[in-house]
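Reader: Before we discuss charges and packing, could you show me the model and then take my questions one at a time?

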Amino acid sequence: MNWIRIASADALDDDEVMAVDAEGRQFALYRSDGEFFLSDNICTHAHALLSDGYLEDGCIECPLHQARFDIKTGKALCAPATRDIRVYPVKVDGDAVLADLGE
């Protein structure tokens, strides 16, 4: 795995999400129950930023049409989204949040 620093661990409180730019791509970084999760930042239904969505109970809700995704697995949970979002491995090392963005 090729781990790169994407954020500081103190950048997010629980149940918060933020956009992260890394390696020329945009991702959504989530913190839920003290754990960090990372996904692509674009909803698979329409071109909306998930980092602008509503995070609750381990799910992100798209701000455009209220599609919901599980932030741990990327699974699309309700219409109008039918395709999952891609998620990436994340770990915390000291005060750094690291991710493996490999294909």
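Author: In this predicted model, the largest nonpolar core has 16 residues, of which Y30, L50, I60 and F69 touch the most other members. Apart from that core lies another, which includes A7, F27, F36 and L101 and has 15 residues.

Reader: How many salt bridges does a search of the whole structure find?

Author: One of them joins the side chains of R5 and D95, with N and O 3.9 Å apart. A search of the whole structure gives a total of three.

Reader: How many residues apart in sequence are the parts that R5 and D95 tie together?

Author: R5 is partly exposed at 47% relative accessible area, whereas D95 is exposed at 52%. R5 belongs to strand β1 (residues 3-8) and D95 to the loop between β9 (90-93) and β10 (96-100), so the parts they tie together are separated in sequence by 90 residues.

Reader: Is E16 buried, partly exposed or exposed?

Author: E16 is found in strand β2, which covers residues 16-22, and it contributes to a negative surface patch together with D13, D15, D33, E35, E56 and D57. Because buried means under 20% relative accessible area and exposed means over 50%, the 32% of E16 makes it partly exposed.

Notes:
Residues numbered from 1 in each chain as written. Predicted model: local features only at pLDDT ≥ 70, side-chain atom pairs only at ≥ 80, totals over all residues. Heavy atoms only, no water. Patch = residues over 30% accessible without salt bridge, like charges linked within 9 Å, V, L, I, M, F, W, Y side chains within 5 Å. Areas by Shrake-Rupley, 256 points an atom, 1.4 Å probe, with all protein chains shown as cover. Salt bridge = Lys/Arg side-chain N within 4 Å of Asp/Glu carboxyl O. Lys, Arg positive; Asp, Glu negative; His and termini not counted. Charge placed at Lys NZ, Arg CZ, Asp CG, Glu CD. Helix = DSSP H or I, 4+ residues; strand = E, 2+ residues; numbered from the N terminus. Buried < 20%, exposed > 50% of the residue type's maximum accessible area, 1.4 Å probe, protein only. Core = buried A, V, L, I, M, F, W, Y, C linked by side-chain atoms within 4.5 Å.
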